[in-house]
Amino acid sequence: MRKVVTIAVAVAAMAAATVPGVSRARTVTAAETATPQQGIKWGECDKDVGDGVPLPAGMQCGTLKVPLDYQKPAGRTIDIAVSRLPSKNPEKRRGIMLTNPGGPSPGLGYLAFLAAVKMPQAVLDSYDLIGFDPRGMGRSTPVKCDLTAEQQFFGNIPPYARNAGDVAKRAEQSRQIAAQCAASDTAWMLPYVSAKNTARDMDSIRTALGEQKASYLGASWGTYLGSVYATMFPQRTDRVVLDSNLGPAGWDYESQRLWSQGVDDRFPDFAKYVAANYREYGLGRTAAQVKATYLRLAARLDRTPVKGPDVVWDGALFRLITFGYSYGATQLPTLAGVFKALEANQPPPPLPAGETAKAKAGSVDNLISARYYMICNDSHWPTSLNSYQRNVAIDRVRHPLFGAAGANINPCAYWPKPVEEPVKVGSNGPANVLMVQNLRDPATPLAGAKQLRKAFGDRARMVTADQGGHGVYLLNKNQCANTAATSFLLTGQLPARDYHCSADATPR
């Protein structure tokens, strides 16, 4: 069952100035920060921290103890695993830049990734880059739900529901997962794993490093974490870059439903590629024909799955892989190969190994469980089964590509009431937030980014790029968008207004 889990969970790992600030900034209370009981003792990082990406020279790792409950700063503590890539140019060093890769996922090795994708040297000179595993994850004090292989299969992305019965079946599975999380050996952490407390941990890292302010670079779910930090600690944030943005409420039910719009936005790029390579794939001569083939094939797999050596390819898995493998341009040929094989009623070749293929025992359970802990504590989810069944029926018609997955139920519907209200992202604070966003992002669609941009008001500017996929800065070739982020990190100068980068800004 291990290979089966790897397929789905790897996809889930793929399913956040000179302009005057607005009036008053939010006041930080004593309960929202705590003086760390110790500093960070730096040493060598384990070689596998980078998950196969070579560690850059000088990268260090350490551990910081923080309060489990910031309302009780002298109480029980947990560990936060922290990494650092120091600037090698003291004369140009500005300070620290906290980072988060999204997910939510461990971020200790994110610094190796940033170095591998060629973060500009001027940025590396300007900041000590700081990575960390959010509370509950990875090498930080971990949580678990004791998930079975079957429960891990779809990770945190609900399966496509063909009808109300499928939603009811998923509801029972979700109820069981929530019960396991509440009864696990790590349930003592359950109320305290949240973006709000993770932001407090970030401020504890800043304090432990002796810095007055911290800059921030976050992607995907990391845009929500960065938004929360900038809202809770507006006067302690320096320069904030948010790449591929969730809405202001983070990963909540409405954000999950937006995946449907994201796939609608992105699929034409894939269909255009497949149609342009008709001789190789034979799935349609036009983008419209490719889409028609996709819908027909998905319906056929709903009725008659294709059995492979390690997994049964039904319509739900086919749609899930289409969602996950539309994240990047380099994944489109792999996705087209899956499409071609299934159209021929053959199991696809093995997919490239995801993060879980290299994971240590127990880390798959931790990855998925910690995400449930985090996202379910961060917002209020509908509790009525009928509402999920109704929304699935609506979105299955409105968004036939993926709507009945994004609207489906997950364990958050059965989660205990959060002990704290989520942070309301708003416009109070300095104008120091730059958002970069692709027009056609399947996971964090433009529609959600626009909501966050509106919530920030004059604190933020947004630069959009005419390209598809999940990730802008350093991950795509739009020179205009990459320059916008680099320039802001180096100068702190926000653009005078939002602007758009055309596809012509991408070198051919």
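This is a predicted model: local features need pLDDT of at least 70, side-chain atom pairs count only at pLDDT 80 or more; totals for chains, interfaces and linings use all residues.
Residues are numbered from 1 along each chain as its sequence is written, and side-chain values use heavy atoms, with hydrogens and water left out.

**Aromatic rings**

- The whole structure holds 17 aromatic pairs, where rings of Phe, Tyr and Trp (its six-membered ring) pair if their centres lie within 6.5 Å; planes under 30 degrees apart count as stacked, over 60 as edge-to-face and the rest as tilted.
- One of them joins Trp251 and Trp259 edge-to-face, with 5.8 Å centre to centre and 65° between the planes.
- Trp251 and Trp259 are both buried (under 20% relative accessible area, with exposed over 50% and partly exposed in between; 1.4 Å probe, protein chains only).
- Tyr294 and Phe318 make a tilted pair, at 5.1 Å centre to centre and 35° between the planes.
- Because Tyr294 lies in helix H11 (residues 287-303) and Phe318 in helix H12 (residues 315-324), this pair ties together parts that are 24 residues apart in sequence; helices (H or I, at least four residues) and strands (E, at least two) are DSSP runs, numbered from the N terminus.
- Both Tyr294 and Phe318 are buried.
- One aromatic cluster is made up of Trp251, Trp259, Phe323, Tyr327 and Phe402.

**Charges over rings**

- Arg76 places its charged end over the ring of Trp188, 3.6 Å from the ring centre; the criterion is NZ of Lys or CZ of Arg within 6 Å of the ring centre and within 35 degrees of the ring normal.
- Over the face of Tyr160 lies Arg319, at 3.6 Å from the ring centre.

**The annotated C-terminal region**

- In an unreviewed entry, UniProt lists residues 400-501 as "domain: Peptidase S33 tripeptidyl aminopeptidase-like C-terminal"; such annotations may be inferred rather than shown by experiment.
- Residues 400-501 are 27% helix and 20% strand, with end C-alpha atoms 30 Å apart.

- Arg461 belongs to strand E11 (residues 460-468).
- Arg461 is buried yet has no salt bridge, and the nearest side chain of opposite charge, Asp458, is 4.7 Å away; a salt bridge needs a side-chain nitrogen of Lys or Arg within 4 Å of a carboxyl oxygen of Asp or Glu.
- The Arg461 side chain does reach the backbone oxygen of Pro495, at 3.0 Å.
- Leu439, in strand E10 (residues 433-440), is partly exposed, with a relative accessible area of 24%.

Notes. Lys and Arg count as positive and Asp and Glu as negative; His and the chain ends are not counted. A polar contact is a pair of N or O atoms within 3.5 Å; within protein, one must be able to donate a hydrogen and the other to accept it, and residues adjacent in sequence count only if both atoms are side-chain atoms.
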